Amino acid sequence: MKSFISRVIEDVLYKHKSFNNLIFVLPSQRSCVFLKEEIIQKTQNTFFFPKIVSIENYIQELADINLIDATQLLFEFYIIYQQNIPKENRESFDAFSQWATIALHDFNEIDSYLVNSKQFFSNLRDIKKLDEWFQNKKPSKLAVNYLRFFEYLAVLYEALYEKLKSNKFGYQGLIYKEAINNLEFYMNNNKNNHIVFVGFNALNRAEETIFQELLNNNLASVYWDANESFFNNSNEAGVFLRKYKKEWVYYQKNPFLWDNDVLPISKNINLIGAPKNITQIKYAGELLGKIEDFSKTALVLADENLLTLTLNSLPNNVKNINITMGYPLKDIPLAGLFDALFKLHLNQYKFNKELDHQFYYKDVISLLNNPFLNKLNGEILQKLIAEIKSKNSIFLSVELLKKYISPTEAEQISTIFSLFYFSTSINKVIKQCIDLLKELKNDAEGIEKEYLYRFFTVFQQLETLNVAFNHITDLKTLTLFYTQILRTEKLSFQGEPLLGLQLMGMLETRALDFETVIITSVNEGILPGGKNDFSFIPYDVKKYFGLPTFQEKDAIFSYHFQRLLQRAKNIYLIYNTESDGYGAGEKSRFLTQLGINNPTITKTIISPKVQHINFPILQIEKTPEIMQKLQAVFTKGISPSALATYIYDPIRFYEQRILEIYEEDEVEETIAANTMGSVIHEVLEKLYKPFLNQFLSRENIAEMQKSTNNLLVRFFEKYYKNGNIETGKNKLIFEVCKNHIKRFLNQELQLLNQNKQLKIIALEKGLFAEITIEGISFPIKLKGIADRIDELDGVTRIIDYKTGKVEAKDLKITDFSVLGEDYKYTKALQVMLYSFLFSEENKNQLSKPVEAGIISFKNLNSGFLKMNFSEKRGATDSLISQENTDQFLIELKRIIKEILNPEIPFIQNQNLPF
């Protein structure tokens, strides 16, 4: 099957014999390249190439006006805005830019469709007056401002048009309008040339006028890429072609040049539903993996945002690829550096820290962690980050950061420290960004240099525009424009345009044909695009003045879709089945229409193969070196928390006690649970210390209640370094701690009011004992710190404070073998070990009964939760007997023997409790 461009060249050669004086005009630069290649293939003799140009460049030549850059246009527009709007009604540049882009888009359409601007804006203003906002005799100030805005639009349009026209620059619509004004001059000077328009469909009114004038004067030919189905009235894809064929005077007497050749009857059409974007792209990659020759293959991304994902999913057999889309600057890693830098300074203003010259720690860490900066001095930056986390400072100054490292190291990263100082002059800030890019260039490799150069041009453009216009006056506006440029600007790919796989967007397929076509994201809201109009102009006004609405745009997408498929043999149309965004989840109506006309279509719903991977259980054999380390650990002293870690996960025990790997410090912005626990422990110790070895009185409790607040503040300052407990969540946590202690002291007071005798024996008491275990050649040292030991009515109580929630069932033990098997009983193991250590230290003078248990601050209503050894339901047996201690020791020794057994490896716990 010959391509459309091939058939056009054959027909042109047949009619004109040579390419002399011919000018080919095509919809895109890409189609120009393909046409040039086709001319080379069709021509044997030496010849001069005809002029081949895209419609955009052709119209610029015709108008003798250059296309203005979008950012520069916005700057120019703001000058016009300042000159024509009263000062009291003007907005700042960043507020102006929010709506100005929409207004410019509307201006562009008004001019492209040759709308009478005076009549248009007059009608628009009248329609707004008729709106319900203005039905009252006295409209609100908001309504008046709303109407005034539409009155200003007319003034701004005229002023901007004249300004740009005088400077020989313009937006696309202005260029089209001026091209019409120059058309007669152009025709008089090109009577010997013949223009060949190839592959067009939806023309704006200016293009229609140009095409018709050139046709009527026999200066042009137009080749339409269509087949018979496009002229069926029910087919929306042919709306424009049917209109031209019917309404243009030229076609009343002359043939309509369209490709009426017989199309391939046999087509392999596949509709594939895939969940999520990633499955679509991965499946497209699988399809490409089965293709050997990519010379006539196109992968079309209806959603161009999937380019990055696509590039990472191409199979290895794709050796050559031509990408018509640019790589979005916002997706380039370097974008993150300036995002972090601007956020650092914007948040400084947000938190009102500019006078203190302090910065939020998360912003500082984000900047220092940037990979481009780490190429300069990564080791020092990581050391600095570790210090920030350990010092727990929420807001940091440069002076403080310099204290965290040596003066020599501070000098080495002086370039990075300079980023913390931004001038009040935005031009100097932009210059600083440019200087940073120059500094990074020295350590850049490969494609990183391309990234740096592209961002260098972005900041140079901003610098040039702001020197000329001086609209960007603060960092917020600079960030806004930087972000806007990143969304629109792209990094172009370099390559051989005719070699290998063609990866393109839908618009780039115009006038091109491929044997194998794969299209992704064929969903409503994407293909076609839907009703998301980016305009101030109401639908009715657009229809009246002949401006394009969503209906025309749908027809354009329909044409591109059908035209691309008409000569293809193998077609794969992939759509997203999941409702994860606007329009996603509903397949495009184009697919439904295709299914009606082609009943033999293959329809498939795919899903990724979920492979169940059984990761091997991590197992660490106990080598002689590990056994030596274990001996050192148990000789030095093993604590209940270490044994609890082993029961929780032997691998965690191995990491902490053998390898000595602990969790990395993090800045504690909100008070953590362990910090809260440490503070409460310290406060209670300080409150009770003056009353050691004496019976408490009500007066003692009253004294403690008075001291609580000051002690809490003091110990929060100790454990929550540099933290703020005056506001937010931390204030709430502080109050919770205060409430815990207040309720606890009230409970103590209730005991005394019941005439109970309460004596404090010890606080934060260190307990130690050595035991021998059969089969182990060295003594085992056990250690622990009991939070409190007291005596209540003659019963000695060993108490552990817990700020978390503990219930009575956690301390009910009838079978001691569960201590080493279930993590939830490690609290019972802990207090039993404390009672054993206490009894060992006091075995010669221990005559009073002993209880051990926990006071849970989240379960204070339950009071002192005691160990319970009763087998009967609802009964209590809380006294620590020798029999209970002996049974406990049997299980304790079993756990220790298991840890020290060289034949039993450390095995990962697969069912970790939360």
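**Notebook: the parallel sheet**

I began with strands β7 (residues 268-274) and β16 (residues 570-576), which pair in the parallel sense over seven bridges. Here Ile-269 has Ile-571 of β16 as its bridge partner. For my own record, two strands pair if DSSP finds at least two bridges between them; helices (H or I, at least four residues) and strands (E, at least two) are DSSP runs, numbered from the N terminus.

A note on the source: this is a predicted model, where local features need pLDDT of at least 70, side-chain atom pairs count only at pLDDT 80 or more, and totals for chains, interfaces and linings use all residues. Residues are numbered from 1 along each chain as its sequence is written, and side-chain values use heavy atoms, with hydrogens and water left out.

Next I traced the whole sheet. It is open, with seven strands in the order β9-β14-β8-β15-β16-β7-β17 and parallel pairing. At the edges I found β9 (321-323) and β17 (602-605), each pairing on one side only.

Then I turned to β14. How many residues of strand β14 (residues 501-505) are buried? Five of the five are, so the strand is largely enclosed by the rest of the structure. I take buried as under 20% relative accessible area, exposed as over 50% and partly exposed as in between (1.4 Å probe, protein chains only). Leu-501, Leu-503 and Gly-505 cover one side, Gln-502 and Met-504 the other.

Last, I checked the neighbours of β14. β8 runs parallel to β14, joined by four bridges, and Leu-299 stands opposite Leu-503. β9 and β14 pair in the parallel sense over three bridges, with Ile-321 opposite Leu-501.
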